[in-house]
Amino acid sequence: MDPIVATPISESSNITGFVVTNRNGVKGLSEMGLKTLPKQYIQPVEERISTVSNILPQESIPIIDMSNWDEPKVSESICDAAEKWGFFQIINHGVPIEVLENVKDATHRFFNLPAEEKRKFSKENSPSNSVRFGTSFSPEAEKALEWKDYLSMFYVSEDEASALWPSACKDQVLEYMGGSEPVIQRLLEALMKRINVKEIDETKKSLLMGSKRINLNYYPICPNPELTVGIGRHSDVSTLTILLQDDVGGLYVRGNNDSWVHVPPISGSLVINVGDALQIMSNGRYKSIEHRVVANGSKNRISVPIFVNPRPDDMIGPFPEVLAGGEKALYKQVLYSNYVRHFYKKAHDGKKTIEFAKI
Ligand code: OGA
Ligand code: NI
């Protein structure tokens, strides 16, 4: 018998072995009915949202109705929201509600599989580097772990996905990716027009949306949610992120004066945020915004972000159109895969990743 499974999990025993190495995940831990949070998950006081943060309940990120997306005022709201907040929600975006519901069901179906099924997609066992089941963000680099399990899938092709992604979720995930394609293009077209990029040709298309990664995130019920985080403060390394969340809530974004603003779940909506790659390509015109997820003491939460990215072998830097008026470049040209590697080799640390590209 597996000695780690046979040993009762107490606070001091082999939690990291059970959760991280043996891939039972925090879901496995949560389901053992643990009464107190293991010390590995206790975040420093300054990282806990409950104790020190300035939460502004009256503030809210913009909600944009995309039903008439070809009207100039819709484009204007998108660009204004991307400049001012870096985060907004869209409704009537054209992705069928059924597609969204199906991918949420598929996420639960995947995480409800027995641990040995999910473990087939861990770093050691996965049939492909592009599919990875794991926990926390970067356990080797983190001082305190994050209360989250995930399945991450890098999209290479329809064929590769059909062959290698977990059958519990692949059809629904592919449908969601395909279904969100038109809205991604519309958002990028609007954002590019404002910064003088009139046409998204093949080169620009590769830089803006040449690759995609989709994650299924699972945040199980946590015994002491106030002491830990679901995801620590970070900005995404994407061009844009399209996030589907369920009705539990817990995502916070950085507002003015160091405040945090909650992103309330709206049925049928998608949350959009600017990532570091777009901040770099727009020379800081659009900014990636720090965000974080709290842990929850009474409900399991899921979310499904699609990270719309440059291709790994693209060089990214400020677009010539943005610099045409004589604006000084704030960022140098960097190989996108180097940028992403830099992100993954450290723990979440707010907006620090972008320093890698600063001149
Ligand atoms: C992420 C993220 C937010 C959420 O996966 O990068 O910020 O609500 N997720 O799960
Ligand atoms: Ni994020």
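**Entry 1: the shell of ligand 1**

I looked up which residues surround ligand 1 in this predicted model, and I found 13, with Tyr219, His234, His291, Arg301 and Ser303 closest; a residue counts as near if one of its heavy atoms lies within 4 Å. I note that local features need pLDDT of at least 70 and side-chain atom pairs pLDDT 80 or more, while totals for chains, interfaces and linings use all residues, and that side-chain values use heavy atoms, without hydrogens and water. Residues are numbered from 1 along each chain as its sequence is written, with chains lettered from A and ligands numbered from 1 in the order in which they are written.

**Entry 2: polar atoms and cover**

I then listed distances from polar side-chain atoms to an oxygen atom of ligand 1. For tyrosine 219 the distance is 2.6 Å, for serine 303 it is 2.6 Å, and for aspartate 236 it is 3.2 Å; the cut-off for a polar contact is a pair of N or O atoms within 3.5 Å. The protein covers 95% of the 290 Å² of accessible area that ligand 1 has on its own (Shrake-Rupley method, 1.4 Å probe).

**Entry 3: the largest pocket**

I recorded that ligand 1 takes up space that is the largest pocket (more than half of the atoms of a molecule must lie within 2 Å of the grid points). A pocket here is an open set of points on a 1 Å grid over the protein atoms alone, where a 1.4 Å probe fits, with protein on both sides within 12 Å along at least five of seven lines; lining residues have an atom within 4 Å of a point.

The largest pocket holds about 1,200 Å³ of space, a volume being the space filled by probe spheres set on the points. I found 49 lining residues, with Phe137, Ser152, Arg213, Val340 and Tyr344 nearest the centre. Helix 13 gives the most to this lining, six residues, whereas strand 13 gives the largest share of the ligand shell, four residues (DSSP runs numbered from the N terminus; helices are H or I with at least four residues, strands E with at least two).

**Entry 4: the second largest pocket**

I noted about 400 Å³ of space in the second largest pocket. Its lining divides into five nonpolar, four polar and ten charged residues.

Definitions and conventions:
Polar contact = N/O pair within 3.5 Å; in protein donor to acceptor, adjacent residues only side chain to side chain. Nonpolar A, V, L, I, M, F, W, Y, C, P; charged D, E, K, R; others polar.
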